[in-house]
Amino acid sequence: MLPEIVYKPESMLRHPIQLLRLMWRDLLASRELAWRLMVRDINAQYRQSFLGIAWAFLPPIVMAASFTLANEANVINIGDTDLPYPAYVMFSTALWQTFVEALNGPVQAVAVAKPMLARVNFPREALLLAKVGEVFFNFAIKLILIVGLFIWFRIPTNWTVILTPIPLIHLVLLGTFIGILLAPLGILYQDISKGLSLITGFWLFLTPVIYPIPKAGLFGWLVNFNPVTPLLVTTRELATTGIVSNPAGFWSVSAITLVALLITWVAFRLAMPFVVERVSS
């Protein structure tokens with residue numbers, strides 16, 4: 001027997017405990033659908049591409065080759081890095097690419113599912129879970145490249161490497177939080193998806209992916225103020241040196257991310273019915 005669902009005009013914000021219980025119930029109920037959506041999207045992603053799985057490796061390799069040549073030709077002055085520079089760029093680019101995928105995932109998922117949202121009533125959390133699962137699947141592929149880097153360049157590791165999933169998960173959650181925040185607008189306006197490409201392209205150069213963290217100046221302040229910086233750098237440091245240079249920044253951004261993710265999830269649930277109604281009208 002199917003459960004009875006009663007819709008009321010009263011806002012669910014008046015009953016926060018009931019709202020949180022409903023959100024948790026829908027999150028659990030969406031797992032099977034999320035799995036099927038994730039498998040479908042991954043199959044489509046690699047089946048419709050000539051190079052297939054190679055796209056997980058190409059961006060870090062191309063970026064590392066480009067900036068290594070520029071650095072050796074003295075076109076740019078990078079400075080000293082904790083790792084051999086090609087490994088530094090490839091590892092950092094793989095982490096940055098994971099963040100960008102987490103950021104774009106909710107916007108893309110909701111936009112693609114627009115016809116289904118207007119016709120079928122299902123937990124919207126399934127779309128978000130499917131994209132998060134896809135991000136971690138893609139990172140698992142990139143992990144092959146990262147392990148190969150450590151072996152090729154003989155990079156020593158520390159016992160702290162077992163802790164790297166913690167900042168990595170927080171990095172993905174930060175991207176997911178921003179993506180969920182933009183997802184309802186992404187259905188209404190295509191400018192969101194186009195704007196994200198421009199923003200992330202500029203954002204990349206404010207993140208210590210191709211250079212070490214600058215210590216002074218306005219640019220150094222911008223890089224340190226960037227919320228991606230402590231999460232990405234902590235992941236890299238735990239995997240290599242084992243010494244976290246900015247634990248306070250890491251935990252501050254992590255705490256803000258978790259709280260903001262919950263608030264954004266609530267806003268997403270409340271906004272989606274109105275957005276779907278406007279799209280379908």
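Predicted model: local features only at pLDDT ≥ 70, side-chain atom pairs only at ≥ 80, totals over all residues.
Colleague: Why is Arg40 called partly exposed?

Modeller: Its relative accessibility is 45%.

Colleague: What makes Asp41 buried?

Modeller: Asp41 has 17% relative accessibility. Buried means under 20%. So Asp41 counts as buried.

Colleague: How do you know that Arg40 and Asp41 form a salt bridge?

Modeller: Their side chains meet at 2.9 Å, N to O. The cut-off is 4 Å between a side-chain nitrogen of Lys or Arg and a carboxyl oxygen of Asp or Glu, so the pair qualifies. By this rule the count comes to seven salt bridges.

Colleague: Why can such side chains pair at all?

Modeller: Opposite charges can pair when the charged atoms come close.

Colleague: What makes Glu125 and Arg269 a salt bridge?

Modeller: The N to O distance is 2.8 Å. The limit is 4 Å, so the label holds.

Colleague: Where in the chain do these two partners sit?

Modeller: Glu125 is in helix H6 (residues 125–152) and Arg269 is in helix H11 (residues 247–280). They are 144 residues apart, so the pair links distant parts of the chain. Both Glu125 and Arg269 are buried.

Colleague: How do you know that Glu134 and Lys131 pair?

Modeller: Their closest N and O atoms are 3.2 Å apart. That is within 4 Å, so Glu134 and Lys131 form a salt bridge.

Colleague: Why are Glu134 and Lys131 separated by about one helical turn?

Modeller: Because they are three residues apart in helix H6.

Colleague: Which residues do salt bridges with shared partners join into one network?

Modeller: Arg25, Asp26, Glu125 and Arg269.

Colleague: What is the volume of the largest cavity, and what lines it?

Modeller: The volume is about 30 Å³. The count comes to one cavity of 30 Å³ or more. Its lining includes Glu101, Gly105, Lys131 and Thr176. Helix H4 (85–112) and H6 each supply at least two lining residues. By class, five are nonpolar, two polar and two charged.

Colleague: Why is Arg236 called buried?

Modeller: Its relative accessible area is 7%. The cut-off is under 20%, so Arg236 is buried. Its place is in helix H10.

Colleague: How far apart are Arg236 and Asp82?

Modeller: In sequence, 154 residues. In space, 9.8 Å, C-alpha to C-alpha.

Colleague: Which residues lie nearest the centre of the second largest pocket?

Modeller: Asp82, Ile213, Val233, Glu237 and Ser245. The pocket is lined by 21 residues. Its volume is about 380 Å³. Helix H10 (residues 228–239) gives the largest share of the lining, six residues.

Colleague: How many residues of each class line the second largest pocket?

Modeller: Eight are nonpolar, eight are polar and five are charged.

Key. Residues numbered from 1 in each chain as written. Heavy atoms only, no water. 1 Å grid on protein atoms, 1.4 Å probe; cavity = no way out; pocket = protein on both sides within 12 Å on 5 of 7 lines; lining within 4 Å. Points joined across faces, edges and corners; volume = space filled by probe spheres on them. Helix = DSSP H or I, 4+ residues; strand = E, 2+ residues; numbered from the N terminus. Nonpolar A, V, L, I, M, F, W, Y, C, P; charged D, E, K, R; others polar. Buried < 20%, exposed > 50% of the residue type's maximum accessible area, 1.4 Å probe, protein only.
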